[in-house]
Amino acid sequence: MAAAATTILVVLTLSIPLSGVFAATAGFNDVGPTHPNYTAIMDLQARGIIGGYPDGTFKPDQVVNRVEALKIILLGAKIAVAQNTGTGGFSDTEGSAWYAMYLLKAKDLGIVGGYPDGTFKPNQTVNLVENLKILINALKIDVSNIAVNGSPFADTPSDQWYAKYVAHAKLKMWIMADANNMVNPSQGMTRGKLAQLLYNAIQ
């Protein structure tokens, strides 16, 4: 009887629609099933990678800064981060800030670096190609041997520093071009778009 009960429980568990699981764990009042990033947002929320705000919203169109993106990506890459404080040697970061432990871990692993002037610019909106580089580094993907023959997209020249990252993302179908074969590499990443990119990468 116990074995039969266990079998029934397993069948019932596997029969629950994913939409039902999402509804039970999420419930963002500004992200409905028709939102283009709905599946990605619900999946990452269920995994504990992203969360919402006290008012029940997710704010999918709100842009993400460099340290916010860093935290989400490290969580998505399942990189363990211990409580830690410090500036990481950057002149514009706060050693006791909430993001310090994520920044220190990412710098230690070589996932991120700063700017030539010694800053990290934690509050600067992260753009698509910066986001791709952080994500690819966090997932330990080697793009050094990727040969970029021609521009991956109409607005991503092959001689740019980010060409290899974009080429990999295109190959893996993490990103899609618009009707003009453009991806707008300098676009500021929103919470919804970041969720979609990370979801595409870790599936």
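Are F28 and F58 buried or exposed? Select both: F28 is buried, and F58 is buried too. Keep that pair in mind; the tour returns to it. Note that this is a predicted model.

**Stop 1: the whole chain**

Show the protein chain as a cartoon. From the N terminus on, the order of elements is α-α-α-α-α-α-α-α. Now colour by burial. Of the 203 residues in the chain, 43% are buried. Residues 24 or more positions apart account for 64% of them.

**Stop 2: helix 3**

Select residues 38-46, which form helix 3. Seven of its nine residues are buried, so helix 3 is largely enclosed by the rest of the structure. The buried ones are Y38, A40, I41, M42, D43, L44 and Q45. Step just past the end of helix 3 to G48. This glycine takes a positive phi of about 80°.

**Stop 3**

Six aromatic pairs turn up across the whole structure. Go back to F28 and F58. Their ring centres lie 5.2 Å apart and their planes meet at 45°, so this pair is tilted. F28 sits in the loop between helix 2 and helix 3, and F58 in the loop between helix 3 and helix 4, so the pair ties together parts 30 residues apart in sequence.

Now pick F90 and F120. Here the ring centres are 5.2 Å apart and the planes are at 45°, so this pair is tilted. F90 is in the loop between helix 4 and helix 5, while F120 is in the loop between helix 5 and helix 6, so the pair ties together parts that are 30 residues apart in sequence. Check their burial. F90 is buried at 8% relative accessible area. F120 is buried at 1%.

**Stop 4: a cluster and two charges**

Select W98, Y99 and Y102. These three form one aromatic cluster. Then look for charges over rings. Where does the charged end of R191 sit? It is over the ring of F58, 4.1 Å from the ring centre. Move to Y115 next. K121 lies over the face of Y115, 4.4 Å from the centre of the ring.

**Stop 5: helix 6**

Select residues 128-138. This is helix 6, and it is mostly covered, with nine of its eleven residues buried. Those nine are L128, V129, E130, N131, L132, I134, L135, I136 and A138.

Zoom in on the start of helix 6. A side-chain oxygen of N127 comes within 3.2 Å of the backbone nitrogen of V129. Then go to the other end. Just after helix 6, K140 has a positive phi of about 60°.

**Stop 6: E130**

Stay in helix 6 and select E130. Why does E130 count as buried? Its relative accessibility is 15%, and buried means under 20%, so it qualifies. Show the side chain of Y115 as well. A polar contact of 3.3 Å links the side chains of E130 and Y115. Set aside neighbours within four places in sequence, and E130 is in contact with R66, Y115, Q124, T125 and W161.

**Stop 7: T156**

Follow the chain into the loop between helix 6 and helix 7, where T156 lies. T156 is buried, with a relative accessible area of 0%. A polar atom of its side chain is 2.9 Å from the backbone nitrogen of F153. Now display what T156 touches. Not counting residues up to four places away in sequence, the list is S151, Y162, V166, V183 and P185.

**Stop 8: the largest pocket**

Finish with a surface view. The largest pocket has a volume of about 370 Å³. How many residues line the largest pocket? There are 18, and W174, I175, M176, Q187 and K193 lie nearest its centre. Select those five to find the spot. Then highlight helix 8. This helix gives the most to the lining of the largest pocket, with four residues.

Key: Residues numbered from 1 in each chain as written. Predicted model: local features only at pLDDT ≥ 70, side-chain atom pairs only at ≥ 80, totals over all residues. Heavy atoms only, no water. Buried < 20%, exposed > 50% of the residue type's maximum accessible area, 1.4 Å probe, protein only. Helix = DSSP H or I, 4+ residues; strand = E, 2+ residues; numbered from the N terminus. Polar contact = N/O pair within 3.5 Å; in protein donor to acceptor, adjacent residues only side chain to side chain. Phe/Tyr/Trp six-rings, centres within 6.5 Å; stacked < 30°, edge-to-face > 60°. Lys NZ or Arg CZ within 6 Å of the ring centre and 35° of its normal. 1 Å grid on protein atoms, 1.4 Å probe; cavity = no way out; pocket = protein on both sides within 12 Å on 5 of 7 lines; lining within 4 Å. Points joined across faces, edges and corners; volume = space filled by probe spheres on them. Contact = heavy atoms within 4.5 Å.
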